[in-house]
Every structure is written in C-alpha cells, then in structure tokens.
Amino acid sequence: MKEHVMDGADRCRTQADECHRLMLLAQSGAEATILTSLTRSWKMIANQTDRYVAIMRKEAAQKR
C-alpha cells in the first residue's frame with residue numbers, strides 16, 4: 001500500500017506542475033489565480049502524503 005501512496009505523491013506533484021504550466025498560459029487574472037491555488041493544493045497534498053508515508057514507515061520499523 002505504501003508504494004501506491006508514494007506513487008500518489010508523485011502524481012500530485014505532476015498535477016501541480018501541470019497546473020503551474022497552465023497558469024503561465026492563463027488568459028485572465030481569474031484563471032491564473034485559480035490555477036495558482038490548484039498548484040498549491042496539489043503540492044500540499046503531495047507533502048502530506050510524504051509525511052503519511054514517513055509515519056507509516058516509522059511505525060512499521062518500530063514493530064519489527
């Protein structure tokens with residue numbers, strides 16, 4: 001399961017990169033603002049996923 005979660009963090013970062021790319025091409029300020037917000041959100045989810053994986057690894061190591 002942890003591998004899938006880690007893959008999820010990578011996918012979130014890919015989504016963040018795509019939102020950032022689209023933000024640079026935005027046709028309006030509103031569009032740029034929304035895409036900037038989406039970029040931040042995807043990055044936060046990726047970072048939270050990384051923290052979750054670290055906690056799960058630590059707990060698994062303690063059980064051994």
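The accessible surface of this protein is about 5000 Å², and 58% of that belongs to carbon and sulfur atoms; areas are by Shrake-Rupley with a 1.4 Å probe, and for residues only the protein chains shown count as cover. The model is predicted, so to speak for the record: local features need pLDDT of at least 70, side-chain atom pairs count only at pLDDT 80 or more, and totals for chains, interfaces and linings use all residues. Numbering runs from 1 along each chain as its sequence is written, and side-chain values use heavy atoms, with hydrogens and water left out.

Now the overall shape. There are two helices and zero strands, taken as DSSP runs numbered from the N terminus, H or I of at least four residues for helices and E of at least two for strands. The C-alpha atoms fill a box of roughly 55 × 15 × 10 Å along the principal axes. Of the 64 residues, 20% are buried, meaning under 20% relative accessible area with a 1.4 Å probe, protein chains only.

Next, contacts, which are heavy atoms within 4.5 Å. Among contacts with a separation of 6 or more, 65% join residues 24 or more positions apart.

One residue in detail. Thr-39 sits in helix 2, residues 29-63. Is Thr-39 buried or exposed? Thr-39 counts as buried because its relative accessibility is 7%. Leaving out residues up to four places away in sequence, Thr-39 touches Ala-16, Cys-19 and His-20. The Thr-39 side chain also reaches the backbone oxygen of Leu-35, at 2.8 Å.

Note on methods
Buried < 20%, exposed > 50% of the residue type's maximum accessible area, 1.4 Å probe, protein only. Polar contact = N/O pair within 3.5 Å; in protein donor to acceptor, adjacent residues only side chain to side chain.
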